Amino acid sequence: MTERRVVLLRHGQTEHNAESRMQGQLDTALSDLGGRQARAAGVAFAAMRPHAIVASDLHRAYDTALAVGAATGVAVQTDPRLRETHLGEWQGRTHYEVDAVYPGARDHWRADATWAPPGGESRVHVAARAVPVIEEYVAQIDRSGTWADRPLLVVAHGGVIAAVTAALLGLPVDTWPVIGGIGNTGWTELTSRRGRSSPPWRLNVWNADAGSGADDVG
């Protein structure tokens, strides 16, 4: 049986990350450090020779993916279903500002994958829109029959990566909070063997560092 490999890479740092400011679906740019992290990720992933690179269309993820694409020679495709969790009324506020207005709410959000910030979406909803992207690309590569130890590379956001990982592993929703945070240009690898019964995925790597630097929500 052929082993599938899916690598999920978080974007480089933004100024919002550096300021502990919650981004959600705000379309923020990479900071200078984030650009360096993205280029370092390109060097790290060049040897992997990904089959395809698909990214969120938000610029912090897309620009990270372009840096990796330039190093690997693989064109970048985008899909809006890979956008970060919509954080509703929390978007653009620092952690401290959110805690002042909604005391205890961030802790509740982290502990309950079914709970959404006011005007936002839950991790369960994020997984429901993002997992099909992975499945579609995996099916496409399956049909080609040419995995050959080359991964599908998905460039997205911390919340998306955590939700997708928990869902693909088949974890009960009440245990999803055991999947922790991931650093800027941190990456995760999931593998499965074609023909296995559900859930087919195994977690091989979590939060390996493809670049260097900071970590925060978004």
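Me: What makes a pair of side chains in this predicted model a salt bridge, and how many does a search of the whole structure find?

Reply: A salt bridge is a side-chain nitrogen of Lys or Arg lying within 4 Å of a carboxyl oxygen of Asp or Glu. By that criterion, a search of the whole structure finds 11 salt bridges.

Me: Why is the contact between Arg 5 and Asp 149 called a salt bridge?

Reply: The N to O distance between the side chains of Arg 5 and Asp 149 is 3.5 Å, and the cut-off for an Arg nitrogen and an Asp oxygen is 4 Å, so the pair qualifies.

Me: How do you know whether Arg 5 is buried or exposed, and what holds for Asp 149?

Reply: Buried means under 20% relative accessible area and exposed means over 50%. Arg 5 has a relative accessibility of 11% and therefore counts as buried, while Asp 149, at 54%, counts as exposed.

Me: What makes Arg 5 and Glu 189 a salt bridge as well, and where in the chain do the two residues lie?

Reply: The closest N and O atoms of Arg 5 and Glu 189 are 2.8 Å apart, and the limit is 4 Å, so this pair also meets the criterion. The pair links distant parts of the chain, with Arg 5 in strand 1 and Glu 189 in strand 5, 184 residues apart. Both Arg 5 and Glu 189 are buried.

Me: Why are Glu 136 and Arg 81 called partly exposed?

Reply: The term applies between the limits of 20% and 50%; Glu 136 has a relative accessibility of 41% and so counts as partly exposed, and Arg 81, at 26%, does so too.

Me: How do you know that the length of helix 2 agrees with its number of residues?

Reply: At 1.5 Å a residue, the 15 residues of helix 2 (residues 32-46) should span 21 Å, and the end C-alpha atoms are 22 Å apart, which agrees.

Me: Which residues of helix 2 are buried, and why can they be said to line one face?

Reply: The buried residues of helix 2 are Gly 34, Gly 35, Gln 37, Ala 38, Ala 41, Gly 42 and Phe 45. Seen down the helix axis, these buried residues fall within an arc of 160 degrees, so they line one face of helix 2. They pack against strand 1 (3-10), helix 3 (59-72) and strand 5 (186-193), whereas Asp 32, Arg 39 and Val 43, on the other side of helix 2, are exposed.

Me: How confident is the predictor in the chain, on the mean pLDDT?

Reply: The mean pLDDT of the protein chain is 93, and 94% of its residues reach 70 or more. Over residues 213-217, however, the pLDDT is below 50. Where pLDDT is low, the predicted coordinates should not be read in detail.

Methods:
Residues numbered from 1 in each chain as written. Predicted model: local features only at pLDDT ≥ 70, side-chain atom pairs only at ≥ 80, totals over all residues. Heavy atoms only, no water. Helix = DSSP H or I, 4+ residues; strand = E, 2+ residues; numbered from the N terminus. Expected span 1.5 Å × (residues − 1). Buried < 20%, exposed > 50% of the residue type's maximum accessible area, 1.4 Å probe, protein only. Arc of directions from axis to C-beta. Contact = heavy atoms within 4.5 Å. pLDDT = per-residue confidence, 0-100.
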